[in-house]
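Me: I am new to this structure and would like to learn how to read it step by step. Could we go through a few features together, with the general idea before the particular case?

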Amino acid sequence: MTKRLRSNIQCGLWHKDSHDKPFKVVVFGEVGVGKSALILRYVSREFTPTLETTIEENYSTSTEVDGRPVKLEVIDTAGNEVFRQMRDQYIETGDGFLLVYSINDRGSSISLTAIREQILLAKGQKDKVIAEIPLVLVGNKCDLEDERKVSYQDGKKIAAGFCCPFFETSAKTDIGVDEVFTNLARQIKESKAPSKRKLFLREGGRFSLWDMSLRKRKSKEENSGREKRLRLVPSSEPLRRSRRSSTLRGFVCGGRTMGTS
């Protein structure tokens, strides 16, 4: 057994069937922002400049997150108004979400606010200050710099309001595509981890949960030993202290008596 595998087992990070079930990634965005091109670039490593309007397409692929294989099922949703009533169904089954706009279409970035609100509502996290939903904001078509309508800083501000990571991508020139899906897969993986493992992951693995449990056990043993030593103190000690206290109280009381006679 390798040292790394043994460490993962000890820290509770190893699950036999952790990668059997694929993570469902749902991609939302307006018509024409390049959702399908972005997905195809990631899945097939190809760029198709002209694509028909998508109704719904599912793609299966795999990636590697922190040296571990992860299966992904990527769902390309329709951006048409007619199909927006199906969003709740996508959201309920989705594990993580890509919200995609085009940098040359300001309206496509504004519309994502309503989609995010719908995700929060459907996932029951509408009233949370910071929602615990795997989410990434994507500004696509960054190769069209001359046609830019949404600045990089504007994208960062939207992402800050969404409390999620932000990437600019280009399906055409393959900029930032892998980073987007890897980041979302990592978020999904962490969201499915037990609470102690989440803490371990958030801390970047700077401590071992196995070592932490040993320290806790050692502390418990020390406390137990301290209590045992207290119980073994000779019985004459508390009696002697009690006698001294009685003498002092008698002296004080006697003084008061003498003063009042």
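Me: How should I read the confidence of the model, and what is the mean pLDDT of the chain?

Reply: The general idea is that where pLDDT is low, the predicted coordinates should not be read in detail. In this chain the mean pLDDT is 77, and 62% of the residues reach 70 or more. Over residues 206-212 the pLDDT is below 50, and this stretch has ten contacts in the model beyond near neighbours in sequence. Over residues 236-261 the pLDDT also stays under 50, and there the model has zero contacts beyond four places in sequence.

Me: Turning to the strands, in which order do they form the sheet?

Reply: Six strands make an open sheet, in the order β2-β3-β1-β4-β5-β6, and the pairing is mixed. The edges are β2 (56-65) and β6 (166-168), each of which pairs on one side only. On average, and with direction ignored, neighbouring strands of this sheet are turned by 25° against each other.

Me: How many bridges join β2 to β3, and which way do these strands run?

Reply: There are ten bridges between β2 and β3 (residues 68-77), and the two strands run antiparallel. Among the facing residues, Glu 57 stands opposite Asp 76 in β3, while Thr 61 has Leu 72 of β3 as its bridge partner. The two strands form a hairpin with two residues between them, and in the turn Asp 66 has a positive phi of about 55°.

Me: At what angle do helices α2 and α7 pack?

Reply: Two packed helices are described by the angle between their axes and the distance between the axes. Here α2 (residues 35-44) and α7 (residues 177-191) pack at an angle of about 85°, with their axes 9 Å apart, which means that α2 is roughly perpendicular to α7. The contact is made by Leu 38, Ile 39, Arg 41 and Tyr 42 of α2 together with Val 177, Asp 178 and Phe 181 of α7; by class, there are five nonpolar, no polar and two charged residues. Helix α2 also lies across β1 (23-29), β2, β3, β4 (96-102) and β5 (135-140), running at about 40° to β2.

Me: Which residues does Val 177 touch beyond four places away in sequence?

Reply: Val 177, which lies in helix α7, touches Leu 38, Arg 41, Tyr 42, Thr 169, Ser 170 and Ala 171. Although Val 177 and Tyr 42 are 135 residues apart in sequence, their C-alpha atoms are 6.3 Å apart in space. Val 177 counts as buried, because its relative accessibility is 0%.

Definitions and conventions: Residues are numbered from 1 along each chain as its sequence is written. This is a predicted model: local features need pLDDT of at least 70, side-chain atom pairs count only at pLDDT 80 or more; totals for chains, interfaces and linings use all residues. Side-chain values use heavy atoms; hydrogens and water are left out. Axes are lines fitted to C-alpha atoms, for helices over the stretch in contact, and angles run from 0 to 180 degrees between N-to-C directions. Helices (H or I, at least four residues) and strands (E, at least two) are DSSP runs, numbered from the N terminus. Angles under 35 degrees count as roughly parallel, over 145 as roughly antiparallel, 65 to 115 as roughly perpendicular and the rest as oblique. Contact means heavy atoms within 4.5 Å. Ala, Val, Leu, Ile, Met, Phe, Trp, Tyr, Cys and Pro count as nonpolar, Asp, Glu, Lys and Arg as charged, and the others, Gly among them, as polar. Two strands pair if DSSP finds at least two bridges between them. pLDDT is the predictor's confidence in each residue, from 0 to 100. Buried means under 20% relative accessible area, exposed over 50%, partly exposed in between (1.4 Å probe, protein chains only).
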